[in-house]
Amino acid sequence: MAEWPPFEIGETRMTFKLRKDKFQYMAMADNRRRIMPFPEDRMAGKCQTLAFPEAVLLLNPKDPNLKGEVDDKYQYSCDNKDNRVHGWISFNPAVGFWKITPSDEFRTGGPFKQNLTSHVGPTTLAMFHSTHYAGKFQLLTVAAGEHWKKVFGPVFIYFNSAPNGSDPQLLWEDAKTQMMNQVQSWPYSFPASVDFQKPHERGSVAGRLLVLDRYMSNDYMLARGAYVGLALPGEAGSWQSECKDYQFWTTTDHNGYFVIRNVRTGNYNLYATVPGFIGDYRCDAAITITSGCNIEMGDLVYEPPRDGPTLWEIGIPDRSCAEFYVPDPDPQYVNRLFIGHPDRFRQYGLWNRYAEMYPDSDLVYDVDCCDYRKDWFFAHVVRRQADGSHTGTTWQIKFKLHRVDRNGTYKLRIALASATLAELQIRVNDPNSSKPLFTTGLIGRDNSIARHGCHGLYLLYNVNVPGGRMVEGENTLFLKQPRNNSPFIGFLYDYIRLEVPPPDVGASSSSQ
């Protein structure tokens, strides 16, 4: 038999198109639901195409209340962990159409992978695999002759209706209830395929996750609200780009305990990420799931990267830039849904606001007096020039040292929530040095800035800063992003921390 040639898969999804004359109200979350434009509102003469085809400014929509708003399907993206139910409501008659995904096991990229949901059409998507917010790092590649198969789904399609005279928006509440019922019913028993394992064919894993960071506490800390999952064996954090097999995730309770149920048979590593701590955890022990097994892992301890005490920190280590300063949108390019919304970063064109705030010089952040919620722009982007070109930008972090350990090594931790065709160069106290202390080189294909995301793929860099580079008094770190051939080049920072050399190591301090 002839060998299959190699091939790649960028997206795998099911698309549902509804009647546009009936379904005009979309819902995907309690605070993300609204009347949507008609598809013809996005046609030539009815709108203005903005920086990319997906984003348009509505000039003459059928519903005059939508005039002057921006419509872009990426404004309705969300993480896999939050992507359980979304769909549409018709007010006359009062009926709802909903796509319910009761399990993430067949989705790629883990709980934080962002995917599209519903958008103008009326369109509802069941996304199984995509490269959105990740780029080539989640491109599924199958080699020539490679044996690969995977069960995507099933997903649950739910129709509901409301009695005459009742509020049609109650259909959304009913859809959420139905979603919870379907989650409890997973895995389904009805699929006939032998490749879809039934409940009795699966196993479970339980344990407790603790955190040990002796510069925060001498005791073990409970990993509350941590995400713990099983994915193909690999390095810590490799689950972010793994896209061929299945993943199984849960969250720890208030005491750090977790149970991962209904796991397909196979070989896995156990991974975790803990809000409030940098880095990724991986359990060294391989895990083999057999039918009916109940594996008890006991206490697992995550020791996040740490060399010495914290001198200063910027942000919250939660794999997101959402806590930083997100500006108001240009009044000409507003989606009214996101005015005063927790996800205000989803407004269109925020990358251009940086040049308006910093027209002649770049951001300078003083750790002694600045507040990252007000003074740290959420995206390290390029600056647009008057002629329409762009230039790279260099941010500064200023801090004081009353005493310098010249023989020790300071450790700079920079966690990136996303990167897009960018480069991060780090210099210490000399912005003009020909060679940076550290550079990432060209990294990232996430496109999260253009697609209104607060994160893409997580990256952590641990940079040794020799004590000889520091001075007593004021010091400055220069974070330079020199590349400039697109308005969407840049980074989303998650968290930055500078650690001083351990007091008991001093001159013998070594890098890790």
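The lining of the largest cavity divides into 7 nonpolar, 7 polar and 2 charged residues, where Ala, Val, Leu, Ile, Met, Phe, Trp, Tyr, Cys and Pro count as nonpolar, Asp, Glu, Lys and Arg as charged, and the others, Gly among them, as polar. The model is predicted: local features need pLDDT of at least 70, side-chain atom pairs count only at pLDDT 80 or more, and totals for chains, interfaces and linings use all residues. Residues are numbered from 1 along each chain as its sequence is written, and side-chain values use heavy atoms, with hydrogens and water left out.

**Cavities**

- The largest cavity has a volume of about 120 Å³; a cavity is a set of points, on a 1 Å grid over the protein atoms alone, where a 1.4 Å probe fits but cannot get out.
- Grid points are joined across faces, edges and corners, and a volume is the space filled by probe spheres set on the points.
- The largest cavity has 16 lining residues, and Phe112, Gln240, His455, Gly456 and Leu457 lie nearest its centre; a lining residue has an atom within 4 Å of a point.
- The count comes to 4 cavities of 30 Å³ or more.
- The second largest cavity, with a volume of about 60 Å³, is lined by Phe345, Gln347, Leu350, Trp351, Phe378, Ser448, Ile449, His452 and Gly453.
- The lining of the second largest cavity comprises 5 nonpolar, 4 polar and no charged residues.

- The largest pocket holds about 680 Å³ of space; a pocket is an open set of points with protein on both sides within 12 Å along at least five of seven lines.
- The largest pocket is lined by 24 residues, of which Arg84, Pro102, Val183, Trp249 and Thr250 are the closest to its centre.
- Helix 1 (170-185), strand 19 and strand 20 (257-263) each contribute at least two residues to the lining of the largest pocket; helices (H or I, at least four residues) and strands (E, at least two) are DSSP runs, numbered from the N terminus.
- In the lining of the largest pocket, 9 residues are nonpolar, 8 polar and 7 charged.
- The second largest pocket has a volume of about 570 Å³.
- Among the 29 residues lining the second largest pocket, Asp79, Lys81, Asp82, Cys454 and His455 are the closest to its centre.
- Strand 3 (23-29) and strand 8 (78-79) are the elements that give two or more residues to the lining of the second largest pocket.
- That lining of the second largest pocket consists of 14 nonpolar, 6 polar and 9 charged residues.

- An open sheet is formed by 3 strands in the order 2-13-12, with antiparallel pairing; two strands pair if DSSP finds at least two bridges between them.
- Strand 2 (12-17) and strand 12 (118-119) are at the edges with a single partner strand each, so one side of each lacks a neighbour in the sheet.
- Strand 2 is joined to strand 13 (residues 123-129) by 6 bridges in the antiparallel sense, and threonine 15 has leucine 125 in strand 13 as its bridge partner.
- A hairpin with 2 connecting residues links strand 3 to strand 4; strand 3 and strand 4 (residues 32-35) pair antiparallel over 4 bridges, with alanine 29 opposite arginine 32 in strand 4.
- A hairpin through 2 residues also joins strand 9 to strand 10; 7 antiparallel bridges connect strand 9 (residues 85-91) to strand 10, and histidine 86 stands opposite lysine 99 in strand 10.
- Strand 10 is also joined to strand 15 (residues 156-161) by 6 antiparallel bridges, with phenylalanine 97 opposite phenylalanine 159 in strand 15.
- In strand 10 (residues 94-100), 6 of its 7 residues are buried; buried means under 20% relative accessible area, exposed over 50%, and partly exposed in between (1.4 Å probe, protein chains only).

**Glutamine 247**

- Glutamine 247 lies in the loop between strand 18 (227-231) and strand 19 (248-251) and is buried, with a relative accessible area of 3%.
- The side chain of glutamine 247 reaches the backbone oxygen of tryptophan 239 at 3.1 Å and the backbone nitrogen of glycine 110 at 3.5 Å.
- Apart from its neighbours within four places in sequence, glutamine 247 is in contact (heavy atoms within 4.5 Å) with Asp104, Glu105, Gly109, Gly110, Leu230, Ala231, Trp239 and Glu242.

Technical notes
Polar contact = N/O pair within 3.5 Å; in protein donor to acceptor, adjacent residues only side chain to side chain.
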